Amino acid sequence: MLTDIPGTPVFDGQTSRRGFRMNKLFMSLRFAANRERFLADEGAYCDEFGLTPEQRAAVTGRDWQAMIDLGGSIFYVYKLAMMDGLSMQYLGGVFTGMTEQEFVAAMRAGGRSGG
Amino acid sequence: MAEVIWGLATSHVPSIGAAMDRGRTQDPNWKALFDGYQPAREWLAGHKPDVAILVYNDHANGIDLDIVPTFGIGTAERYDVADEGFGRRPVPDVVGDPDLSLHLLEKLVDEGFDLTVFQELAVDHGFTVPLSVWTPDPGDAWPCPVVPLLVNVIQYPQPTAARCYALGQALGRAIASYDKDVTVGILGTGGMSHQLAGARAGMINAEFDAMFMEAIEKDPAKLAALSREELIREAGSEGIEMIMWLIMRGAMNERVRKVHSHYFVPASNTAAGLALFDNRAGQTA
Ligand SMILES: [Fe+2]
């Protein structure tokens, strides 16, 4: 096991087990037909993939932090964000309590400190 | 015997490819990155290998979490460019080299590296962006056939830095034992410091990156000694993917000559690094 590094979610085996069904849902959004089906009835699509009630609520409510906490891999979660037209900088802002513009400005200023 | 003529370490951030695909390389936020690539691109254009090996990781495009191979190798004749969700990049599909792949596979398995075999694989930005960094205008085809070598860097436990370096060294021996007289370029991709999720998202550690850049040339064994925890702490939860640079470096001679390096912040949420090494200059007499 990895010792805790503050502010750093580590996508390990237990996390991947927890998020397995949800990450599969995100992966399916690579295909336009699936995106259409998802958007037509998001809850039903979540049920089809066997998400837990918490995961279902996180996905349909676009609670990005909760998706990570419930086992989402950022690379998979990002598929949903892309579908919504959101950037990785937007997500970075969500995770750090900033607006997208503030997050971009922090990156352009050399990035946030590693502390 | 085959000979590694150069090694190229480079970030594979998707936005670098997107900036090229959309003609934005001269935008103020990108210009310094692409200007910094130029000396490497010019040198590479004059040193075209017969075949290349590209070390990378997939990002939920060619493979999913059903199977998470720690190390894998493509053995196909062709690799399609993946559609990551909104259309594939407008770049050529990749021509492979199955004979070389199967040779490397056998030699590496003999050395104790039990690679997973990909007979079919769609390659994502982790693969195509480094090819674009090397060759911005490929036309109908990339400069040469390319063999994909995959590494799991997105699900813990990633292979150790030491294991990656050892794999690179075995790869170097496997290349040297190939019976065709071909020249080889090897690409190690990913990095540099970055973290995408968590309260530490957006972290950049320029000091660590500078150390890594220097040591990858002169003292790779020092980097091979870093633990996963140190890598994640110093380079971020995604920055750990720099272990893939060590596979490239391991396949090269002990002494190499740096042709060019470049460091730029930010490529979206990432510190972008490039380092190009000539493998023929450093051979001891
Ligand atoms: Fe990557």
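**Iron site, cores and ring pairs in a predicted model**

Me: Which atoms coordinate the iron ion, and what makes them donors?

Reply: In this predicted model, the iron ion is coordinated by B:His12 (NE2), B:Asn57 (OD1), B:His59 (NE2) and B:Glu241 (OE), at 2.1 to 2.5 Å. Donors are N, O and S atoms within 2.8 Å of the metal (3.2 Å for Na, K and Ca), so these atoms qualify. Water is not among the atoms, so sites may look incomplete. Along the chain the donors follow the spacing H-x44-N-x1-H-x181-E.

Me: Why is the arrangement around the iron ion called irregular?

Reply: The four donor atoms subtend angles of 87 to 166°. Four donors count as tetrahedral if all angles lie between 85 and 135 degrees; four count as square planar and six as octahedral if opposite donors are over 155 degrees apart and all others between 65 and 115; anything else is irregular. The angles of 87 to 166° therefore make this arrangement irregular.

Me: On what basis are residues numbered and values counted here?

Reply: Residues are numbered from 1 along each chain as its sequence is written, and chains are lettered from A and ligands numbered from 1 in the order in which they are written. Local features need pLDDT of at least 70 and side-chain atom pairs count only at pLDDT 80 or more, while totals for chains, interfaces and linings use all residues; side-chain values use heavy atoms, with hydrogens and water left out.

Me: How do you know whether B:Trp245 and B:Phe212 are buried or exposed?

Reply: Buried means under 20% relative accessible area, exposed over 50%, and partly exposed in between (1.4 Å probe, protein chains only). B:Trp245 has 0% relative accessibility and therefore counts as buried. B:Phe212, with a relative accessible area of 1%, is buried as well. B:His12 and B:His59 are both buried too.

Me: What makes B:Phe212 and B:Trp245 an aromatic pair, and which kind is it?

Reply: Rings of Phe, Tyr and Trp (its six-membered ring) pair if their centres lie within 6.5 Å; planes under 30 degrees apart count as stacked, over 60 as edge-to-face and the rest as tilted. B:Phe212 and B:Trp245 are 5.8 Å apart centre to centre with 75° between the planes, and the pair is edge-to-face.

Me: Why is the pair of B:Phe208 and B:Phe212 called tilted?

Reply: Their centres are 6.0 Å apart and their planes 45°, so the pair falls into neither the stacked nor the edge-to-face class and counts as tilted. B:Phe208 and B:Phe212 are four residues apart in helix 6 (residues 206–218) of chain B, and are therefore separated by about one helical turn. Helices (H or I, at least four residues) and strands (E, at least two) are DSSP runs, numbered from the N terminus.

Me: What makes a set of residues a nonpolar core, and which members of the largest one touch the most others?

Reply: A nonpolar core is a set of buried Ala, Val, Leu, Ile, Met, Phe, Trp, Tyr and Cys residues joined through side-chain atoms within 4.5 Å. The largest has 94 residues, of which B:Ile53 and B:Leu171 touch the most other members. Helix 5 (residues 161–176) of chain B gives the most to this core, with eight residues. Another core, of 40 residues, lies apart from it, and includes B:Trp30 and B:Phe34.
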